[in-house]
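Dear colleague,

Here is the structure we spoke about, with the sequence. My notes on the fold and the ligand site follow below.

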Amino acid sequence: MIRLRKLMRRAVGAHSPRHSGPADQSGILPTNAFEDYESRPPSIQNCIDAIPGWNSQFPPEYDVVAGNRVPFLDDRILWAIERFGGVAGADVLEIGPMEGGHTYLLHQNGATITAVEASKRAFLKCLVTKEITNLSRARFLLGDGVQYLENVEKRYDLIVACAVLYHMRDPIRFLEAAAARTDALYVWTSYIDESALPPEQMASNRFDPMREIREFNGISVTLYRRDYANVYLNPDFCGGIYNEPRWMSRSSILDVLTSLGFNHLEIAHEQRPYPAEHCFSVFARRIGS
Ligand SMILES: C[S@@+](CC[C@H](N)C(=O)[O-])C[C@H]1O[C@@H](n2cnc3c(N)ncnc32)[C@H](O)[C@@H]1O
């Protein structure tokens, strides 16, 4: 009996320092390992609750409570699918899937999807979504979508970049990399309307008053560097990799796309939610080249 107790002490002792000591420096292990267990019967809601800070609203048939900011059934993506002429059988690359809501829509419409997500937390949420909604033709990759585009050899029928351009440290590099891998690119993005933002209001809108001028394909592009302030501290933060996204103007975005050989641009979803921060959808295609 004494021997058994000794053995048990040794066994517990072998693991306890990792679990009961101070919080693990890597941030992976919880302070209290029991918090890491789910005591409710298995359910898909448990999977959602395992990761805090959801933004997306799942379709009602899944009967789960996640976020309520962005619906899975997003008109912008349905529009992009329609502009492409349907995605059944198409090989689609999605940059920044966040929680996989748009991946779900593309999948539901018959696409095979590679989705590259840079946020570790968002990537795990995508895997939860994949499990819940059974996205058998979707593959999620964790890493920087720009470097993926620059290193991958294959071309995609369609690239979907919804709400990622204005989170890029170098949005021109991103557009250039995407343009090299497809003839059809869907972008929804916010952009800056400088005429509505007097210089003295740049800082209060988290824009660096110093603009950056870049020459690209014979065009002079102004980049407006921004700061996320404290937004990145929220568990539902879904911005970029670096705290220095650069925004472009509407005309610069269109000019750069044109210079990259997209000779057919369709625009939709024009909105002006804030005086100097507007947004729109662009479906860019290379036709007949
Ligand atoms: C504002 S969310 C948009 C999510 C989704 N596409 C949508 O429109 O609802 C931006 C997403 O892009 C991801 N992201 C930002 N920069 C990225 C990069 N360089 N590579 C891959 N994903 C990125 C973020 O982590 C986040 O999930």
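The model has an open sheet of seven strands in the order 5-4-3-6-7-12-11, with mixed pairing. Strands here are DSSP runs of E of at least two residues, and helices are runs of H or I of at least four, numbered from the N terminus; two strands pair if DSSP finds at least two bridges between them. Strand 5 (138-142) and strand 11 (264-271) are the edge strands, each pairing on one side only. From one strand to the next, the twist averages 20°.

This is a predicted model: local features need pLDDT of at least 70, side-chain atom pairs count only at pLDDT 80 or more, and totals for chains, interfaces and linings use all residues. Residues are numbered from 1 along each chain as its sequence is written.

Within the sheet, strand 7 (residues 184-192) and strand 12 (residues 277-285) run antiparallel and are joined by nine bridges. Angles run from 0 to 180 degrees between N-to-C directions, with axes fitted to C-alpha atoms, for helices over the stretch in contact. Helix 5 (residues 120-133) lies across strand 4 and strand 5, at about 165° to strand 5.

The ligand is surrounded by 21 residues, counted if the C-beta atom, placed from the backbone, lies within 6 Å. Gly96, Met98, Ser119, Gly145 and Cys162 are the closest. Strand 4 (112-117) and helix 6 (145-151) are the elements that give two or more residues to this shell.

Regards

Key. Two residues are in contact if their C-beta atoms, placed from the backbone, lie within 7 Å.
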